[in-house]
Amino acid sequence: MDNALIKPYKDALDAQKAQLEGYLTRGFQAIAIPADNEEIKKDKKDFLTSSGSWFIVLGIIALIAGLVIANSGVIIAGCAAIMSGVYCYIKGRQAIRHNAFVSLGQSVYTQISSVADNIAAEWSKFMTTQNDMLKKEVVASTDTADVKVSLIDKIDSTPDVKVDLDEVQAQLADISDKESLSGYSAYLPQAADVIRKAINAADGAQQGIYSTLAK
């Protein structure tokens, strides 16, 4: 094909790449990470904290009763209940904190995957339009039938924007396990770079296809 026919498609591809990169930047700017642990949404209680509170209350009652009736067995049972209650309560609070970080990590992943999915969808939509127009030009050209078939096959080899979201999710899960707010903030630029590289890879491959079409 004449290189002059391909140039508008290359220019449109450059513009689309810039648009996707702009969307990527805005999408990640919209992902908010809490400034401190107090801003993380947590459940007020769970089974362990509720059980722990009841053990503590019952233990105090038993301890007081044991002291009143001077029964060492009741006193010991009351102390044991209080200790068990404190243990359950502490473990419950730890579980609530961990679950809050897990929920935050899942929220961050959902937002990142939404950006990636939208970029992939926009790329696919754009390339479908580009390819349909280009195929029409090929069909209308004076090239031989064999050449037309070869050109259309090349056009149909358009790559997708592929992002390894499983790896992103695994990285976020590791940060959640470490319960590190700074870890989320530090990871966002890395995740954005993963998507940016996917855009660059698809763009580079497509530019290569256009170059072969112009030969």
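**Starting with a glutamine**

Author: Gln16 touches Glu122, Trp123 and Phe126, leaving out residues up to four places away in sequence. Contact here means heavy atoms within 4.5 Å.

Reader: Before we go on, what kind of model is this?

Author: This is a predicted model: local features need pLDDT of at least 70, side-chain atom pairs count only at pLDDT 80 or more, and totals for chains, interfaces and linings use all residues. Residues are numbered from 1 along each chain as its sequence is written, and side-chain values use heavy atoms, with hydrogens and water left out.

Reader: Back to Gln16. Is Gln16 buried or exposed?

Author: Gln16 counts as buried because its relative accessibility is 7%. Buried means under 20% relative accessible area, exposed means over 50%, and partly exposed is in between (1.4 Å probe, protein chains only). Gln16 is found in helix H1.

Reader: How many helices and strands does the protein chain have?

Author: Six helices and zero strands. From the N terminus on, the elements run α-α-α-α-α-α. Helices (H or I, at least four residues) and strands (E, at least two) are DSSP runs, numbered from the N terminus.

Reader: How much of the chain is buried?

Author: Buried residues make up 33% of the 215 residues. The protein chain exposes about 12300 Å², and carbon and sulfur atoms supply 59% of that area. Accessible areas come from the Shrake-Rupley method with a 1.4 Å probe; for residues, only the protein chains shown count as cover.

Reader: Aromatics next. How many aromatic pairs are there?

Author: The structure holds one aromatic pair. Tyr9 and Tyr210 form that pair, and it is tilted: 6.4 Å centre to centre, with 55° between the planes. Tyr9 lies in helix H1 (residues 3–29) and Tyr210 in helix H6 (residues 181–213), so the pair ties together parts that are 201 residues apart in sequence.

Reader: What's the cut-off for a pair?

Author: Rings of Phe, Tyr and Trp (its six-membered ring) pair if their centres lie within 6.5 Å. Planes under 30 degrees apart count as stacked, over 60 as edge-to-face and the rest as tilted.

Reader: Are Tyr9 and Tyr210 buried or exposed?

Author: Both are buried.

Reader: Switching to charges. How many salt bridges?

Author: The count comes to six salt bridges. The rule is a side-chain nitrogen of Lys or Arg within 4 Å of a carboxyl oxygen of Asp or Glu.

Reader: Give me one in H1.

Author: Lys7 forms a salt bridge with Asp11, and the closest N and O atoms are 2.8 Å apart. Lys7 and Asp11 are four residues apart in helix H1, so about one helical turn separates them. Lys7 is partly exposed at 46%, and Asp11 is partly exposed at 37%.

Reader: Which salt bridge links distant parts of the chain?

Author: Lys135 and Asp156 meet in a salt bridge (2.5 Å, N to O). Lys135 is in helix H3 (residues 72–140) and Asp156 is in the loop between H4 and helix H5 (165–178), 21 residues apart. Lys135 is partly exposed at 23% relative accessible area. Asp156 is partly exposed too, at 46%.

Reader: Where is there a salt-bridge network?

Author: Asp193, Arg196 and Lys197 are linked in one. Within it, the side chains of Lys197 and Asp193 meet at 3.5 Å, N to O. Lys197 and Asp193 both lie in helix H6, four residues apart. Lys197 is exposed at 55%, while Asp193 is partly exposed at 31%.

Reader: Now H4. Which residues are buried there?

Author: In helix H4 (residues 145–155), Lys148, Leu151 and Ile155 are buried. Seen down the axis of H4, the buried residues fall within an arc of 65°, so they line one face of the helix. That arc is taken from the directions from the helix axis to the C-beta atoms.
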